[in-house]
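Me: I am new to this structure and would like to go through it step by step. Please show it first.

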Protein chains: 2
Amino acid sequence: MEPVDIFKALANESRLKILKWLGDPERYFPDGPNGEKHHSMTLGVCVGALQKKTGLSQSTVSHYLLILQKAGLVVASRQGQWTYYKRNEKSLKGISKYLKEEI
Amino acid sequence: MEPVDIFKALANESRLKILKWLGDPERYFPDGPNGEKHHSMTLGVCVGALQKKTGLSQSTVSHYLLILQKAGLVVASRQGQWTYYKRNEKSLKGISKYLKEEI
DNA sequence: TTGACAATTCGAAGATATTCGATATAATAG
DNA sequence: CTATTATATCGAATATCTTCGAATTGTCAA
């Protein structure tokens, strides 16, 4: 993905928050989307949990996650009826490096 | 300026190019806006030179430079009838650090 | 002071982004 | 198989961005 498209994905408050939350899911999602405790976070965070935390509609969050995914900033993995999203640390490091060295 | 506004400023191909050019004006503007040689670049690059290189209209470039300025990415200094723009290296380093450490 | 040049501001058209509710698809539980 | 839950896609309204040409402002030289 081109740098400009990555910056477009980052140019939105909610998407920026989602990225931040995905950077430390244990901290930002201590409970599951429906209040369950003791759940694993290795796969990432599901759409419903992100939807609740953003306060946006379900369709908007799904759309935003697609934007982040197309930009390479997150990766999705479907597990049964859930889709889990995690951050792509490499792409974040990459764009940070780009800003420091190529701009 | 908030990170999201900085990313909005970066989310445009022409503005990204302008920033890149301002990072090495001697290389990207060997001649002045009207073809003169041997001109100083310590003040930055004037709007006309950027306008020619982008191919956009003069008003658009002026507008874009204001967006970059509001985001803190460039600083302007008027010198007679010209306005010179230079990069604000500190803000670029800052946003790079933000991406690496706070997101 | 007037004319030319540089830059900014204004007003508007078209394109893209935001955001929603409704609908469709996919997976699971009964 | 059917109802339920999770997510994705569709269609549309509104907002913001892109970009221009025209008008305005600021500066300098004759």
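Me: Which residues touch the most other members of the largest nonpolar core?
Reply: This is a predicted model. Its largest nonpolar core has 45 residues. The residues that touch the most other members come from both chains: A:Ile6, A:Leu68, A:Leu73, B:Ile6, B:Val45, B:Leu68 and B:Leu73.

Me: What does A:Ile6 touch, not counting residues up to four places away in sequence?
Reply: A:Ile6 is one of the core residues with the most contacts to other members. With sequence neighbours up to four places away left out, its contacts are A:Met1, A:Ala71, A:Leu73 and A:Ile95.

Me: Which rotation superposes chain A on chain B?
Reply: The superposition has an RMSD of 0.0 Å, and the shift along the axis is 0.0 Å. The two copies are thus related as by a two-fold rotation axis. The rotation is 180 degrees.

Me: Why do the copies meet through the same surface?
Reply: The reason lies in the interface residues of chain A, because they are interface residues in chain B as well. The share for which this holds is 100%.

Me: Which residue of chain A comes closest to the rotation axis?
Reply: The distance is taken at the C-alpha and comes to 2.3 Å. The residue is A:Ser96.

Me: Which residue in strand 3 of chain A is the bridge partner of A:Val45?
Reply: Strand 1 (residues 45-46) of chain A pairs with strand 3 (residues 82-87) of chain A in the antiparallel sense, over 2 bridges. Strand 2 (residues 74-79) of chain A is also antiparallel to strand 3, over 6 bridges, and there A:Ala76 stands opposite A:Tyr85. The bridge partner of A:Val45 is likewise A:Tyr85.

Technical notes
Residues numbered from 1 in each chain as written. Chains lettered and ligands numbered in written order. Predicted model: local features only at pLDDT ≥ 70, side-chain atom pairs only at ≥ 80, totals over all residues. Core = buried A, V, L, I, M, F, W, Y, C linked by C-beta atoms within 7 Å. Buried ≥ 20, exposed ≤ 12 C-beta atoms within 10 Å, placed from the backbone. Contact = placed C-beta atoms within 7 Å. Least-squares fit on C-alpha atoms with pLDDT ≥ 70 in both. Pairing = 2+ DSSP bridges. Helix = DSSP H or I, 4+ residues; strand = E, 2+ residues; numbered from the N terminus.
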